[in-house]
Amino acid sequence: MNILAIESSCDETAAAVVWDGRTVLSNCIASQIEMHTIYGGVVPEIASRKHVEAVTGLADQAVDQAGLTKRDLDAVAVTYGPGLIGAVLVGVNFAKGAAMALDLPLIPVHHVRGHIAANYITHPDLKPPFVCLCVSGGTTLVVDVRSYTEMEVLGGTRDDAAGGGFDKVARGLGIGYPMDRLADGGDDSRYELPRAHVSGHELDMSFSGLKTASLNLIHNAEQKGETLDLRDFAASFGRAVSESLVPRVMAAARAKGYGQVAVAGGVAANRRIRADREGMKEACSKAGIDFYYPSPIYCTDNAAMIGCQGFYEYQAGHTAGMELNAYANRDISLG
């Protein structure tokens with residue numbers, strides 16, 4: 001089954017063709033990152049306009065690179081939430097038009113479910129059930145993946161997402177590249193940063209205090225004319241995030257007893273969180289649990305993951321008509 005997939009939830013326009021859920025025939029991405037960098041973050045209106053400009057040509061490119069014609073397509077899958085509402089609407093409306101014009105089924109896909117499915121592309125042997133840590137710029141969730149389409153949130157952030165914290169602190173430091181690269185070789189015990197605990201909800205997390213404490217430390221140093229060791233600070237911040245995430249995922253894995261743990265989302269590419277030492281990989285190894293994470297190209301927003309999850313949604317009978325709408329927020333358990 002050849003699925004044309006469309007993703008436009010934030011600042012990447014993406015189109016892909018995926019065969020039977022696990023074979024990526026093409027994966028095309030048009031990034032807007034350079035444009036938004038000058039504003040210090042994604043500007044929703046600009047993102048939406050750029051999606052409009054890019055989506056048609058990118059979909060044609062994806063079909064061509066797959067070595068197919070439009071007549072070879074069997075369905076159209078699209079991210080319908082969560083995300084920047086104007087950006088998601090562009091993808092949804094394009095997908096509805098394509099499905100109508102080609103007389104194909106339309107498959108709505110939850111963006112975070114897509115991130116989880118990215119693991120299936122990299123690891124063809126992985127099958128549910130498993131526990132998955134989903135960490136991106138706007139999402140931090142511990143998810144019980146009971147089947148390809150049955151999922152439940154076991155825990156999540158009560159405020160800021162871990163990925164958003166990385167982005168905001170990186171801006172506070174004035175660096176223009178991922179903090180995990182800056183942290184290489186740094187002393188992760190140099191700066192003492194807080195770890196939050198949500199009483200009575202052991203799998204929930206909070207990162208607002210960590211973000212605020214980090215930014216205050218940066219600003220106080222600037223005001224006093226002191227110089228922070230950026231490498232040590234980045235390493236200390238990464239350790240604080242990792243020590244908030246890893247124990248909760250492992251607690252969920254022990255409670256469920258599945259023997260498999262995965263990570264997904266843009267922060268899944270963070271080397272400290274995945275690390276052999278003091279990260280998810282080491283924790284899983286000690287517990288005798290198999291650990292999975294996607295290839296870096298499938299960690300960040302892409303359409304291949306949407307096509308992958310779309311295949312399983314279609315098998316479960318989850319299709320939509322022209323009434324399909326976009327959502328800024330959407331519970332992962334609802335699909």
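I take helices (H or I, at least four residues) and strands (E, at least two) as DSSP runs, numbered from the N terminus. With that convention I located proline 129 in the loop between helix H4 (111-122) and E6.

The model is predicted: local features need pLDDT of at least 70, side-chain atom pairs count only at pLDDT 80 or more, and totals for chains, interfaces and linings use all residues. Residues are numbered from 1 along each chain as its sequence is written, and side-chain values use heavy atoms, with hydrogens and water left out.

**Entry 1. The sheet of E1 to E5**

I looked up the strand order and found an open sheet of five strands, E3-E2-E1-E4-E5, with mixed pairing. Two strands pair here if DSSP finds at least two bridges between them. Strand E3 (23-31) and strand E5 (106-110) are at the edges; each has a single partner strand, so one side of each is left without a neighbour in the sheet. From one strand to the next the twist averages 20 degrees. Axes are lines fitted to C-alpha atoms, for helices over the stretch in contact, and angles run from 0 to 180 degrees between N-to-C directions.

I then examined strand E4 (residues 75-81) and E5, which run parallel and are joined by five bridges. Glycine 81 has histidine 110 in E5 as its bridge partner.

**Entry 2. Helix H2**

I checked the length of helix H2 (residues 44-65). At 1.5 Å a residue its 22 residues should span 32 Å, and the end C-alpha atoms are 29 Å apart, which agrees. The expected span is 1.5 Å times one less than the number of residues.

Where does H2 bend? The bend is at alanine 54 and amounts to about 40 degrees, taken as the angle between axes fitted to the seven residues ending there and the seven starting there.

I recorded the position of H2 against the sheet: H2 lies across strand E1 (2-7), strand E2 (12-19) and E3, and runs at about 25 degrees to E2. Buried means under 20% relative accessible area, exposed over 50%, and partly exposed in between (1.4 Å probe, protein chains only). After H2 comes glycine 67, with a positive phi near 75 degrees.

**Entry 3. Asparagine 27**

I placed asparagine 27 in strand E3. Its side chain reaches the backbone nitrogen of alanine 304 at 3.4 Å. With neighbours within four places in sequence set aside, the contacts of asparagine 27 (heavy atoms within 4.5 Å) are Ala15, Ala16, Ile297, Tyr298, Asn302, Ala303 and Ala304.

**Entry 4. The sheet of E6 to E10**

I found an open sheet of five strands in the order E8-E7-E6-E9-E10, again with mixed pairing. Strand E8 (151-156) and strand E10 (290-292) stand at its edges with a single partner strand each, so one side of each is left without a neighbour in the sheet. The twist averages 25 degrees from one strand to the next. Strand E6 (residues 130-135) and strand E9 (residues 260-264) run parallel, joined by four bridges. Opposite cysteine 134 stands alanine 264 in E9.

**Entry 5. Leucine 245**

I located leucine 245 in helix H8 (residues 230-256). Is leucine 245 buried or exposed? Leucine 245 counts as buried, at 0% relative accessibility. Leaving aside neighbours within four places in sequence, leucine 245 is in contact with Leu133, Val135, Thr140, Met205, Phe207 and Ile273. I also compared leucine 245 with isoleucine 29: the two are 216 residues apart in sequence and 29 Å apart in space, C-alpha to C-alpha.

**Entry 6. Backbone exceptions**

Most residues other than glycine have a negative phi, and most peptide bonds are trans. I therefore listed the departures from this pattern.

Glycine 81 and proline 82 are joined by a cis peptide bond, with omega about -10 degrees; proline 82 is in the loop between E4 and helix H3 (85-102). A cis peptide bond also joins proline 128 and proline 129, with omega about 10 degrees.

Aspartate 20, in the loop between E2 and E3, has a positive phi near 50 degrees. Aspartate 20 is partly exposed, with a relative accessible area of 29%. Aspartate 103, in the loop between H3 and E5, has a positive phi near 55 degrees. Aspartate 103 is exposed, with a relative accessible area of 69%.

Terms used:
Polar contact = N/O pair within 3.5 Å; in protein donor to acceptor, adjacent residues only side chain to side chain.
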